[in-house]
Amino acid sequence: MVTIAFFERRDSAAHPDVELLHPTRFSRSLWVPGTLNGPAVCAIAARHTEKAHGEEGFRPARFTIDLFKAAREQPTTTRGRLLRSGGRIRVAEVEVVQFATEDTLDDGVVVARGTTVFLKESANPPGDRWVRPDDAVTFTPPDVSDDDYFPRFSSDGPGTPVGPWNSDMATHQDGYRKRLWSRAAPAVAGEPLTPFQQAVISAESTSLVCNWGTTGIGFINCDLTVALARLPEGPRVGVEADAHVENDGISVSTSGLYDRNGMIGTATVTAVNNAAAEIDFTTANSSGRYRDA
């Protein structure tokens, strides 16, 4: 069987103190050959933060990562530090670093930098507050098996507030609101996918569901912020376009995040015009990012 994961761990004998992660085919981007997709980079950043700084009773409530340089199919590592350890708030920093070869670890290039805020779990304060009413929620997961990794897409349409779900991306290349029901691939082969990593990986598709239009996806996101009131339950996470604004080659988009029990949080991305390498899902082979992973 094929092991589905974004990276494999293959440490260097010359540098036993550095954890080296090697990208798999599931991490490949459709934008430029030899580069990595956003979910893969976000996956190992979330993994590092959770493993190094997670603590019982503290929930990873906000994850922000700046994707300021294209990550490539090269040996990769993560490093970070705890910036604040308080009674109710913990803040951790992480960097994703890449090397030309595993023998030249002194020439690492930082391709992304993130911050995670862990908040103390407790009871909600007294009083009533507004929440989106049930009849205003448009996200209803499709009735599909959770045993496969195939995503399901849905688009609104004229006279159809919520269109049917399927895995054919070409049928959703339109100018309507979109949503995704996704099962995330593990960050590293042989390691279980945690709910936090699952939420971050799936949330990176905010750029997809919000920036995908009639000719494909021509905006590329340069960051991701995920805010979680709770962690997802079950193997899939839903991502639904909630707001999108674009002007002068810059877009800002927000999505709602869901599991089968309802809304768990939100995600926001900013993106820049990348029309020169626009991905047209009516012709592109999308298996590298969205179908196999």
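Student: At what angle do helix 1 and helix 2 pack, and how far apart are their axes?

Tutor: In this predicted model, helix 1 (residues 38-53) and helix 2 (residues 195-203) pack at about 155°, and their axes lie 9 Å apart. Axes are lines fitted to C-alpha atoms over the stretch in contact, with angles from 0 to 180 degrees between N-to-C directions, and helices are DSSP runs (H or I) of at least four residues, strands (E) of at least two, numbered from the N terminus.

Student: Which way do they run, roughly parallel or roughly antiparallel?

Tutor: Helix 1 and helix 2 are therefore roughly antiparallel, a label for angles over 145 degrees.

Student: Which residues make the contact?

Tutor: Helix 1 contributes P39, C42, A43, A46, R47 and E50, while helix 2 contributes F196, Q197, V200 and I201, contact being heavy atoms within 4.5 Å. By class, seven of these residues are nonpolar, one is polar and two are charged.

Student: How are residues numbered, and what limits apply?

Tutor: Numbering starts from 1 along each chain as its sequence is written, and side-chain values use heavy atoms, without hydrogens and water. Local features need pLDDT of at least 70 and side-chain atom pairs 80 or more, whereas totals for chains, interfaces and linings use all residues.

Student: Switching to pockets, what lines the largest one?

Tutor: The largest pocket has 28 lining residues, with W31, L36, A70, I220 and N221 nearest its centre. A pocket is an open set of points on a 1 Å grid where a 1.4 Å probe fits, with protein on both sides within 12 Å along at least five of seven lines, and lining residues have an atom within 4 Å of a point.

Student: Which element gives the largest share of that lining?

Tutor: Strand 11 does, with three residues. By class, the lining of the largest pocket has 17 nonpolar, seven polar and four charged residues.

Student: And which residues are closest to the centre of the second largest pocket?

Tutor: Of its 16 lining residues, V131, R132, V137, G262 and M263 are closest to the centre. Strand 15 (262-273) gives the most to this lining, four residues, and strand 14 (250-259) also supplies at least two.

How values were computed:
Angles under 35 degrees count as roughly parallel, over 145 as roughly antiparallel, 65 to 115 as roughly perpendicular and the rest as oblique. Ala, Val, Leu, Ile, Met, Phe, Trp, Tyr, Cys and Pro count as nonpolar, Asp, Glu, Lys and Arg as charged, and the others, Gly among them, as polar.
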